[in-house]
Amino acid sequence: MSTMSTMSTSYSTMVSTAGIASGICCTALMSAASASPSVYPVGVTRYDPATAYNSDVLFSGADNRTYLIDMDGHVLHRWDVNGFPGRVLDPALVGGVKGEIGAQLSTVPAGGSAGGVGEVPGRAANFRDETFGYQDWSGRTLWQWGRQAPGGAALQHHDWELLPNGDTLLLGNKIGSLPGFGARAMMDDVIYEVNKAGQIVWTWAAAAHLAQFGFTASQLDLLKRVAAVDYLHMNAMQELGPNHWAEAGDERFSPDNIMISSRNANFIAIISRRTGNIVWRLGPNFAPIKEPYANSPASKAPFALDRFSGQHDAHMIPEGLPGAGNILMFDDEGEGGYPPATLPVIAGSRILEIDPVRSEVVWKYANPMVFYSSFLSSAERLPNGNTLIDEGMDGRFFQVTGKGEIVWEYISPFRSSSVGVPVSNSVYRIQAVPYAWVPLPGPHAEQPVIPSVFGRIGTAR
């Protein structure tokens, strides 16, 4: 079966590169010089509409375009902007308008004074965001911000959020010298709340709170001598929103407080919006791992949180969803920590759902040596209790039930094409988009796809 023969009509009229709608089809995704397999499935490889949570899915491909697909793999729409991450806005926040997205809208030219943001520690910067903003369904820019920012560029990275009051919360970088790091320029993580007029109405900077992140004196000394200028590499930032912990009187979880996650330093924390101080934290230090095979399927939840390393997309599950109030994260089990974390013998990533009061893992998904992404990636709890997972390094998306059964799987066919960069179909983060959030008529394609090859079934405990 050729890749071109399986494309949907909407896909072929919008995109010139080859891709897959539904069914199992193979294509070369790696360069000829690669030692990796040169042919493997792309598109939808498994789909059970009766068990899956059915929606559209949004993601920014490795080709720096943002795609909306249905669960049969048809491309429904495309924006020619890159998201870090791209996200469809809840119409309830924008006067009922459907199909608006947030994304990075312009970049700092190569060699520009504003610098850039890299995805992986030690790798050259590959995101040079000048302005972040919102576009409508037609690609028209509705609002953008960045040139008014300190240094003349937003340098937004990894996360953002449109708040109920209409302001935008942005995770960015500020470049300059920091106390204790010497005279060299460092990239500090900062948070801006920006109103519709483009004015900064609240700001927070990580360097001012290093003593609150839980480092020992030796760890703090090591951190300040690290070669990487992106010393914390925050990769998640969201307001907590309404939650039952706050309703019960625990002020640490006030709805307007902000959760952050540091990939390089292996901690997640909550910032008090009122004081700017850290009021809750997990990591960077954990009890020693007693069992070297602790990532095996045999380790059952609940259990005391033993570790995470290089994690992504740490956030509180919103009210109204199964597990609301717990913390969900993609534990990459990748490089991270000062000094680097000791990882188990059996390599593999994990999805962890954590009770934030007891610091206890109440649910996990794992498939050691098969399910693994050392960087990128995300996890999202769905209304029916399933979890949508982005194994970002491989551009593989899948949805699992609470018992770990894979009920939908898709592999992105969209590849990077930058000169000098290895060919990749990696995807930073994905979003399940309710049908009602986009201006497309029903009925919706929900055709089952039966896998014809041995699947990768994980475990959930």
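Predicted model: local features only at pLDDT ≥ 70, side-chain atom pairs only at ≥ 80, totals over all residues.
Residues are numbered from 1 along each chain as its sequence is written, and side-chain values use heavy atoms, with hydrogens and water left out.

View A. With a relative accessible area of 9%, Gln-219 is buried (buried means under 20% relative accessible area, exposed over 50%, and partly exposed in between, with a 1.4 Å probe and protein chains only). Leaving aside residues up to four places away in sequence, Gln-219 touches Gly-214, Asn-285, Tyr-338 and Pro-339, where contact means heavy atoms within 4.5 Å.

**View B. Salt bridges of Arg-78 and Arg-140.** The structure holds 20 salt bridges, each defined as a side-chain nitrogen of Lys or Arg within 4 Å of a carboxyl oxygen of Asp or Glu. In the salt bridge between Arg-78 and Asp-80, the closest N and O atoms are 2.8 Å apart; Arg-78 counts as buried at 18% relative accessibility, whereas Asp-80 counts as exposed at 53%. Arg-140 and Asp-136 meet through their side chains in a salt bridge of 3.1 Å, N to O, and here Arg-140 counts as exposed at 52% relative accessibility, while Asp-136 counts as buried at 12%.

**View C. The salt bridge between Glu-193 and Arg-273.** The closest N and O atoms of this pair, Glu-193 and Arg-273, are 2.6 Å apart. Glu-193 lies in strand S12 (residues 186–194) and Arg-273 in the loop between strand S16 (267–271) and strand S17 (278–282), so the pair ties together parts that are 80 residues apart in sequence. Both Glu-193 and Arg-273 are buried. Elsewhere, salt bridges that share partners join Asp-306, Arg-307, Asp-331, Glu-333 and Arg-350 into one network.

**View D. The open sheet S10-S11-S12-S13.** Four strands follow this order with antiparallel pairing, two strands being paired if DSSP finds at least two bridges between them. Strand S10 (156–162) and strand S13 (200–205) stand at the edges with a single partner strand each, so one side of each is left without a neighbour in the sheet. Strand S11 (residues 168–176) pairs with S12 in the antiparallel sense over nine bridges, and Thr-168 stands opposite Val-194 in S12.

**View E. The open sheet S14-S15-S16-S17.** This sheet also has four strands, and the pairing is antiparallel. Strand S14 (234–239) and S17 are the edge strands, each pairing on one side only. S14 and strand S15 (residues 258–262) pair in the antiparallel sense over five bridges, and Met-237 stands opposite Ile-260 in S15.

Definitions and conventions: Helix = DSSP H or I, 4+ residues; strand = E, 2+ residues; numbered from the N terminus.
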